[in-house]
Each structure stands twice: as C-alpha cells, then as structure tokens.
Amino acid sequence: MRKTKMMRLFFLFGLVFLVLTGCKGNSLAEEDILKRSKETNEIIWGVKYDTRLFGMMDIESQSVKGFDIDIAKAITKKILGKAGKAEFVEVTSKTRIPLLKNGNIDAIIATMTITDERKKQVDFSSVYFDAGQSLLVKKGSPIKSIKDLNADTTVLAVKGSTSAANIRKQAPDAKILELENYAEGFTALQSGQGDAMTTDNAILLGMADENPEYELAGGTFTEEPYGIAINKGQKNFLNAVNKALEEMVEDGTYNKIYEKWFPDTNQGKID
C-alpha cells in the first residue's frame with residue numbers, strides 16, 4: 001500500500017512539473033520580445049552555421065560569420081543601441097520554425113524565402129536579400145543569361161528540385177542533367193558535363209566565391225526573396241526590425257555589409 005502511495009506521489013509531482021514546464025514554454029513564446037530585449041539588452045537570432053557567405057562557422061575564431069550575421073548585428077544595434085548584443089543559435093531548415101515557435105530564439109535570419117505557406121506560421125520582415133534562381137558558368141562562357149540556353153546547352157541541377165522544373169519552363173529546348181547534390185553538380189560543371197549549373201543565387205554566390213574562375217550569368221529569373229521570420233503576435237518587434245532595415249538602407253549600413261560579402265556583384269542587393 002505504501003509503495004502504491006509513493007508511486008502516486010511521484011506521478012503527481014511529474015505531472016505538475018510537466019504542466020509548469022509547458023506553461024513556462026508558452027509564456028516565453030508569447031512574451032513581448034521587444035520589451036524583453038530592451039530589458040536584457042540582447043536579441044537571440046536563429047542562423048545557419050553551414051551556408052557560405054551567409055552564415056558559416058569559422059573554425060579558427062570559433063564564431064559564426066556571414067552576411068546574415070552582420071545584418072543581425074546591425075539590426076540589434078539599431079534597436080538596442082551600441083551596447084546591444086546579438087546572440088546566435090544554430091538552426092537548420094527543419095528546426096528554425098519550431099525553435100521560433102517555442103520561444104528559443106527571437107527571430108530567424110537564415111536564408112529563408114518568404115512564402116505564402118510559411119506566412120501561415122510566422123510573420124516576415126521586409127526583404128533583406130532579393131534571392132532567386134540563377135546560373136553559374138565558367139568565366140568566358142557564351143552563356144550570359146537564361147535566354148542563351150538552347151538545344152546545344154546542358155544545364156546541371158539537383159534531382160527533385162524546383163530548379164530543374166523552372167529551367168524546363170523558361171528554357172524548354174535546353175538539356176537538363178540532374179545530380180544528387182550541389183557538390184556533384186559543381187564537379188560535373190568542372191568536368192565539362194554541363195555548360196551551366198542552376199539553383200538559388202545565394203548558393204551559387206558561395207560557389208563562385210570559393211572558385212573564382214566561375215561566375216553568375218545574368219540576374220535571377222525567379223523571385224525567392226529572403227526575409228527575417230518573427231513569431232506571430234510580435235507586431236512591435238516586427239515593426240522595430242523593419243524600421244532598422246529601412247534606416248540601414250538609408251544610412252549606407254546595408255550597402256557596406258553587402259559589399260563586404262559580395263564585392264563583385266549586385267546579385268540579391270536591395271535598394
């Protein structure tokens with residue numbers, strides 16, 4: 001009998017703990033982020049650690065660096081002042097929205113395309129990088145834009161991606177060779193198995209940065225702009241982020257950060 005009572009007590013304590021933990025999580029997610037960030041003097045950003053030029057872990061300094069990181073730092077200073085601190089938490093495409101919804105991070109700045117489907121779960125800031133599909137070619141290539149793709153050209157794309165479908169729509173005569181991943185695609189481009197590789201310009205910019213004998217041809221031919229994702233119900237914080245972005249464009253801060261990471265192109269730049 002005594003053993004049964006003890007088990008019941010443990011069960012009740014566990015239930016209370018779960019309820020309290022759940023309540024704490026809900027209150028954290030629903031807390032006014034702008035108010036709290038001004039009290040703590042920090043904003044917690046969800047960022048990528050594996051995306052060249054945007055968010056990449058630097059092994060030597062043990063810190064994450066990139067365009068997204070510098071934009072987040074600048075927004076933090078605009079909202080909280082010079083002493084404001086930007087904290088970074090690693091996210092992936094799968095974990096970023098759950099972490100935001102649970103209140104583990106305040107905002108996502110991680111090469112995240114603004115879509116109607118995602119708008120059902122989160123709110124987005126104004127566009128901070130005008131991403132879209134583009135072409136990567138070897139310097140000196142006769143291909144200058146998607147208009148130059150024809151029956152004599154082969155385009156490399158990743159299997160199952162929307163990139164191949166977009167090429168079929170906009171350059172129906174071009175041949176398409178689909179590979180398993182971006183690494184295989186770029187290797188195929190280097191070996192001459194294709195004349196151009198296609199995917200988001202953000203990914204291609206990273207490849208061109210690592211391999212200077214290659215460049216992006218023309219501009220983008222799809223619209224997939226990146227925005228900063230913020231949880232629903234955080235209108236004050238969303239307005240503060242948009243105001244900060246607007247001020248950064250006006251005072252040249254945005255341009256300075258852009259030129260630091262993308263010095264030889266205007267791909268993705270906003271005005």
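**Close-up views of a predicted model**

View 1. Thr 111 has a relative accessible area of 12%, and because buried means under 20%, Thr 111 is classed as buried. In this predicted model, the residue is placed in the loop that runs between β6 (107–108) and α5 (116–119). Its phi is near 45°, which is a positive value in a residue other than glycine.

**View 2. Asn 41, a partly exposed residue with positive phi.** Although Asn 41 is not a glycine, its phi is positive, at about 65°. The residue sits in the loop between α2 (33–40) and β1 (42–47), and with a relative accessibility of 27% Asn 41 counts as partly exposed.

**View 3. The largest nonpolar core.** This core comprises 53 residues, and those with the most contacts inside it are Trp 45, Phe 67, Ile 75, Ile 79, Phe 129, Leu 136 and Ile 228. Helix α3 (residues 67–80) supplies the largest share of the core, namely eight residues. Residues are contributed both by domain 1 (39–128 + 225–259) and by domain 2 (130–221), so the core lies between the two domains.

**View 4. The surroundings of Ile 228.** Ile 228 is among the core residues with the most contacts inside the core. When residues up to four places away in sequence are not counted, the residues that Ile 228 touches include Trp 45 and Ile 75, both of which also belong to that group of core residues.

**View 5. Aromatic pairs around Phe 54.** The whole structure contains 15 aromatic pairs. In one of them, the ring centres of Phe 54 and Phe 67 are 5.9 Å apart and the ring planes stand at 85°, so this pair is edge-to-face. Phe 54 belongs to the loop between β2 (50–51) and β3 (55–58), whereas Phe 67 belongs to helix α3, so their pairing ties together parts that are 13 residues apart in sequence. Both residues are buried, Phe 54 with a relative accessible area of 0% and Phe 67 with a relative accessibility of 0%. Phe 54 also pairs with Phe 129, with ring centres 5.1 Å apart and planes at 90°, so this pair too is edge-to-face. Because Phe 129 lies in the loop between β7 (122–124) and β8 (133–138), while Phe 54 lies in the loop between β2 and β3, the pair ties together parts that are 75 residues apart in sequence. Phe 129 is likewise buried, at 0% relative accessibility. Ring pairs join Phe 54, Phe 67 and Phe 129 with Tyr 128, Tyr 226, Tyr 254, Tyr 258 and Phe 262 into a cluster.

View 6. In helix α10 (residues 253–261), the buried residues are Tyr 254, Ile 257, Tyr 258 and Trp 261. Seen down the helix axis, these buried residues of α10 fall within an arc of 100°, so they line one face of the helix. An α-helix has 3.6 residues a turn, so residues three or four places apart point the same way. Lys 256 and Lys 260 are exposed on the other side of α10. Among the elements that cover the buried residues of α10 are β4 (63–65), α3 and α9 (235–251).

Key:
Residues are numbered from 1 along each chain as its sequence is written. This is a predicted model: local features need pLDDT of at least 70, side-chain atom pairs count only at pLDDT 80 or more; totals for chains, interfaces and linings use all residues. Side-chain values use heavy atoms; hydrogens and water are left out. A nonpolar core is a set of buried Ala, Val, Leu, Ile, Met, Phe, Trp, Tyr and Cys residues joined through side-chain atoms within 4.5 Å. Buried means under 20% relative accessible area, exposed over 50%, partly exposed in between (1.4 Å probe, protein chains only). Helices (H or I, at least four residues) and strands (E, at least two) are DSSP runs, numbered from the N terminus. Domain bounds come from an automatic or database domain assignment. Contact means heavy atoms within 4.5 Å. Rings of Phe, Tyr and Trp (its six-membered ring) pair if their centres lie within 6.5 Å; planes under 30 degrees apart count as stacked, over 60 as edge-to-face and the rest as tilted. The arc is that of the directions from the helix axis to the C-beta atoms.
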